[in-house]
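User: I have a structure to go through with you, and I'd like to take it one spot at a time. Can you put it up first?

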Amino acid sequence: MADKEGNIDAKDFGIGIPQKSEHFFLKGNANVDWGMKDRLSRIFNPKSGHSVMLAFDHGFIMGPTSGLERMDLTIVPLIEYSDCIMCTRGALRSIVPPTCCKPISYRFDAGTSILTDLNDQCLQDIEEAVRLNVSMLAVMVAVGDPNHEGITVRNLSKTVDMGVRYGIPTLGVTAVGKNLVRDARYLGLATRICAENGAQVIKTYFCEEKFEQVTNACPVPIVIAGGKKLPEAEALQMAWRAIDQGASGVDMGRNIFQAEAPIGMIKAVRMIVHDGATPEQAYDFYQTWKNENK
Ligand code: R5P
């Protein structure tokens, strides 16, 4: 309670000492609002500047993908090793313990499945995202898809507007059209379109050649999806090459939860993303962990 008398006089004004003003660590996000910076700082580690996101939203278009049949058994044990989880509201409410205290990259669009024509998406209600206390809104953008490019870019734009209103960053997820090649030219175009339309973070694929041109031409952080399951050594090699060429992290699903030893794999990915391990060191760790935890 405030006292009218007996207060100690304020005298430590730090005269002559300029007020400390922290530089924000995350590429292209120096001018976003405080709440958005707070959310981004929980997704990306301010020390390494990087993030290991665990993606398990595949069921919303693919159904019970291998490794996701029983997410309570396969995914929940992995969550503690991630920096952020990417999932749908269905998975969140049904299997993710709220006590896990991880930032949520929330699948904010919904639409067609692999059985029909992908990417015909609508958006959810922003109040649902706020109610679920999510840290990022993930929206698919199908650049080059003649039927859905316009819908998905408009979805991204609307999501950015809603996210800015509530201090929630938007993750632009570049979809891949049937006739589009995942090369640096296409990925550079798709990621740049997401960034120019306001996404604060972009998720895309790694490409074998000139990936550094994709990251350099994108003014905000890029995280890579893992894509289809690769042998573990190759997946670690890909993660290392992506980070080495300017990615700010991974948003990986199948190459973690379909690995022979998923916990060993996510730990090995962390070594690359946060600790500067080489792919060989990370793979050695993975093999040892797998053999010791049979
Ligand atoms: C794709 O739309 C989904 O967002 C997945 O989360 C994404 O593809 C990442 O998973 P994966 O590493 O298995 O490709």
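User: Let's start with Ser113: is it buried or exposed, or something in between?

Analyst: Ser113 counts as partly exposed because its relative accessible area is 23%; buried means under 20% relative accessible area, exposed over 50%, and partly exposed in between, with a 1.4 Å probe and protein chains only. Bear in mind that this is a predicted model, where local features need pLDDT of at least 70, side-chain atom pairs count only at pLDDT 80 or more, and totals for chains, interfaces and linings use all residues. Residues are numbered from 1 along each chain as its sequence is written, and side-chain values use heavy atoms, with hydrogens and water left out.

User: Where does Ser113 sit, and what is it in contact with?

Analyst: Ser113 is in the loop between β4 (109-111) and β5 (121-123), where helices (H or I, at least four residues) and strands (E, at least two) are DSSP runs numbered from the N terminus. Leaving aside neighbours within four places in sequence, Ser113 is in contact (heavy atoms within 4.5 Å) with Ile61 and Leu118. The side chain of Ser113 also reaches the backbone nitrogen of Leu115 at 3.0 Å. That is a polar contact, meaning a pair of N or O atoms within 3.5 Å; within protein, one must be able to donate a hydrogen and the other to accept it, and residues adjacent in sequence count only if both atoms are side-chain atoms.

User: Switching to the ligand, which residues come nearest?

Analyst: There are 13 residues around the ligand, and Asp57, His58, Gly227, Gly253 and Arg254 come nearest; a residue is near a molecule or strand if one of its heavy atoms lies within 4 Å of it. By class, this shell has four nonpolar, four polar and five charged residues, where Ala, Val, Leu, Ile, Met, Phe, Trp, Tyr, Cys and Pro count as nonpolar, Asp, Glu, Lys and Arg as charged, and the others, Gly among them, as polar.

User: And what lies 2.4 Å from an oxygen atom of the ligand?

Analyst: That is an N or O atom in the side chain of Asp57. A polar side-chain atom of Arg107 lies 3.0 Å from an oxygen atom of the ligand, while a polar backbone atom of Gly226 is 2.8 Å from an oxygen atom of the ligand. Taken alone the ligand exposes 360 Å², of which the protein buries 94%, with accessible areas from the Shrake-Rupley method with a 1.4 Å probe; for residues, only the protein chains shown count as cover.

User: OK, aromatics: how many pairs turn up in the whole structure?

Analyst: A search of the whole structure finds four aromatic pairs; rings of Phe, Tyr and Trp (its six-membered ring) pair if their centres lie within 6.5 Å, and planes under 30 degrees apart count as stacked, over 60 as edge-to-face and the rest as tilted. Among them is the tilted pair of Tyr106 and Phe108, at 6.3 Å centre to centre with 50° between the planes, and both of these residues are buried. Phe206 and Phe211 also form a tilted pair, at 4.9 Å centre to centre with 55° between the planes, and Phe206 and Phe211 are buried too.

User: What does Thr159 touch?

Analyst: Thr159, in helix α7 (residues 149-166), touches Phe108, Leu123, Leu137, Val139 and Thr170, not counting residues up to four places away in sequence. A polar atom of the Thr159 side chain lies 2.7 Å from the backbone oxygen of Asn155.

User: Why does Thr159 count as buried?

Analyst: Thr159 is buried because its relative accessible area is 0%.

User: What about Ser82, where is that one?

Analyst: Ser82 is in the loop between α4 (76-79) and β2 (84-87), and it counts as buried because its relative accessibility is 1%. Its side chain reaches the backbone oxygen of Ile79 at 2.7 Å, and, apart from neighbours within four places in sequence, Ser82 is in contact with Val52, Leu54, Lys102, Ile266 and Arg270.
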